[in-house]
Amino acid sequence: MESLLRAWTGQDPNPDDYSNIQFWSNPERSGWLMKQGDYIKNWRRRWFVLKQGKLLWFKDNRVLSSSIPRGVIPVRNCLTVKGAEDALNKPCAFELSTSQDTMFFIADSEEEKEDWINSIGRSIVQHSKSLTDSEVVDYDSKR
């Protein structure tokens with residue numbers, strides 16, 4: 001029933017959005033987050049993978065080459081990623097905004113929240129259409 005609802009509402013990701021990404025191997029970041037549903041505003045725990053400018057999520061953490069993501073967000077479409085504790089009145093919350101939508105997430109800890117914000121923010125900068133390769137800064141090398 002859930003897969004039928006996802007197909008009907010257009011929530012199933014287009015395979016073209018992730019077909020060239022080996023999301024099951026060496027992600028830039030991965031871990032559990034709570035994600036608010038797009039239509040029914042309940043919270044579900046999902047396994048997230050950030051790789052090659054895409055934020056993908058899965059129902060569980062056993063991600064294989066045959067796994068199909070439940071959703072994909074190209075970070076080049078993202079405008080901001082920032083804390084959202086005040087907006088949701090929940091600790092460890094953050095939001096990811098595109099020109100069409102704002103998605104909310106809750107991490108397990110404040111440190112996890114900050115790590116996700118930094119990783120996604122770095123990926124947004126690296127995959128922005130407005131930057132040339134010479135303008136991209138590797139923040140990890142600055143530590």
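I started at arginine 29, whose charged end sits over the ring of tryptophan 116, 5.0 Å from the ring centre. For this I count NZ of Lys or CZ of Arg within 6 Å of the ring centre and within 35 degrees of the ring normal.

A note on what I am reading: this is a predicted model, where local features need pLDDT of at least 70, side-chain atom pairs count only at pLDDT 80 or more, and totals for chains, interfaces and linings use all residues. Residues are numbered from 1 along each chain as its sequence is written, and side-chain values use heavy atoms, with hydrogens and water left out.

Next I followed tryptophan 116 into its aromatic cluster, which it forms with Phe48, Trp57, Phe94 and Phe105.

I then looked up the aromatic pairs and found eight in the structure. Rings of Phe, Tyr and Trp (its six-membered ring) pair if their centres lie within 6.5 Å; planes under 30 degrees apart are stacked, over 60 edge-to-face, the rest tilted. Tyrosine 18 and phenylalanine 23 make an edge-to-face pair, 6.1 Å centre to centre with 65 degrees between the planes. Phenylalanine 23 also pairs edge-to-face with tryptophan 24, at 5.2 Å and 85 degrees.

My cut-offs are under 20% for buried, over 50% for exposed and in between for partly exposed (1.4 Å probe, protein chains only).

Last, I checked threonine 98, which is buried at 14%. Leaving aside neighbours within four places in sequence, threonine 98 contacts (heavy atoms within 4.5 Å) Asn77, Cys78, Leu79 and Met103.
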